[in-house]
Amino acid sequence: MSKILVVFGATGNQGGSVIESVLGNSKLSSEFKIRGVTRDPSKPKGQALAEKGVEVVKADLSDKESIQKVINGSHAVFAVTNYWEYMSKDIEVTQGKNIADACKSAGVSLLIWSSIPHAGRMTNGKLSHLPHFDAKADVADYIREQKIPACFLNAGCFMSNFVGSLQKSDEGNSLTLNVHPDSKMPLFDAAGDTGKFAAGILLNQSETLNKDIYAATGWYTPTDVVNAIEEFSGKKTTFNEVPDETFRKFLPDAIAEEMMETFMLVRDYAYYGPGGDKILEESLKVRSTVPEKPIIGAETNVFSSRRESQPP
């Protein structure tokens, strides 16, 4: 009898990527039956998953009872929360703890928690406007405290972060950031990469249990990014480094401080902090060898099929 793998955010980038990778792996697809969790199974994306054999169920991350119901009877859980939905650290932490508590109550054998490093702790409080980092890391701390069997999938720098900073014109493109042209960034494509790392964790549960896995395709610089965009777009693409405050003024007020500090974390702390290069190197060995499939626009997932990992 197949074991149940619960995937939260089933119709989103990360959860959808996990489902695609598990279904595409002969060993995992025979070992697990997927229970995909979404807020509205009746929507087209939910129905499309059901047609692939996924059990699509409804749950609200703020409703403990509904979470417990979908987790009961499962062997493994992939969980992700979305800070940007409410832009509230408290809400995200509560939702994450709700999932953790349900996993503990159900006796889940493995919780794969989609996390990010704790920016405030890493920088000794110098970067204090990154609640979307610190909330997920706080939940990771709670999972460890509760001694829930888990693996922590720490997402790298989202490639989608570049979309808002890329200016396009008929003459060419320009990318403007508050980092150096040679700053090393651990790039991550949520839709393309999440599932490969999660599949690798599921295939190597004993080796990855209670460990941090750094999820990134490799280390790349802004120069690498603009060269790749130029290659795929066929248009001249340049990189502009600007001061922090100048970069912040380019962005919508609601996200300006957080995006500015996100790239400060990349520039000044190599995103993952000390030793990140070695952990990423080991994490790439865990990553499942799922066939590469372009999922989003080439300008943001151009590095997804590249595996070189250069230390920062």
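1. A word on terms before the tour: helix axes here are lines fitted to C-alpha atoms over the stretch in contact, and angles run from 0 to 180 degrees between N-to-C directions. Helices (H or I, at least four residues) and strands (E, at least two) are DSSP runs, numbered from the N terminus. This is a predicted model, in which local features need pLDDT of at least 70 and side-chain atom pairs count only at pLDDT 80 or more, while totals for chains, interfaces and linings use all residues. Residues are numbered from 1 along each chain as its sequence is written, and side-chain values use heavy atoms, with hydrogens and water left out.

2. Let us start with α1 and α9. Helix α1 (residues 13-23) packs against helix α9 (residues 190-203) at an angle of about 55°, and their axes lie 7 Å apart. That makes α1 oblique to α9 (under 35 degrees counts as roughly parallel, over 145 as roughly antiparallel, 65 to 115 as roughly perpendicular, and the rest as oblique). The crossing of these two helices is right-handed, meaning that the near helix is turned clockwise from the far one by less than a right angle.

3. Who touches whom in this pair? With contact meaning heavy atoms within 4.5 Å, the α1 side includes Asn13, Ser17 and Val22, and the α9 side includes Ala190, Lys196 and Leu202. By class, the contact of α1 with α9 has seven nonpolar, seven polar and two charged residues. In this scheme Ala, Val, Leu, Ile, Met, Phe, Trp, Tyr, Cys and Pro are nonpolar, Asp, Glu, Lys and Arg are charged, and the others, Gly among them, are polar.

4. Next, look at α6 and α8. Helix α6 (residues 89-106) and helix α8 (residues 131-145) pack at about 25°, with axes 9 Å apart. That makes α6 roughly parallel to α8, and α6 passes α8 in a right-handed crossing. Among the residues that meet are Lys89, Val93 and Asp101 in α6, and His132, Lys136 and Tyr142 in α8. The residues of this contact divide into seven nonpolar, two polar and seven charged.

5. Helix α8 has another neighbour to visit. The axes of α8 and helix α13 (residues 253-269) come within 10 Å and cross at roughly 70°; α8 and α13 are therefore roughly perpendicular to each other. Pro131, His132 and Phe133 in α8 meet Glu258, Thr262 and Leu265 in α13.

6. Now for the sheets, where two strands pair if DSSP finds at least two bridges between them. Three strands form an open sheet in the order β8-β9-β13, with mixed pairing. The edge strands are β8 (166-168) and β13 (237-241), and the twist averages 20° from one strand to the next. Strand β9 (residues 173-177) pairs with β13 in the parallel sense over five bridges; leucine 175 has phenylalanine 239 in β13 as its bridge partner. Helix α11 (residues 222-233) lies across β8, β9 and β13, running at about 155° to β13.

7. Another open sheet of three strands has the order β7-β10-β12, also with mixed pairing. Its edge strands are β7 (157-158) and β12 (218-220). β7 and strand β10 (residues 185-188) pair in the parallel sense over two bridges, and phenylalanine 158 has phenylalanine 188 in β10 as its bridge partner.

8. Finally, the salt bridges (a side-chain nitrogen of Lys or Arg within 4 Å of a carboxyl oxygen of Asp or Glu): the count comes to 13. In one of them, lysine 3 meets glutamate 31 at 2.7 Å, N to O. The pair links distant parts of the chain, 28 residues apart: lysine 3 sits in strand β1 (residues 3-8) and glutamate 31 in helix α2 (residues 26-31).
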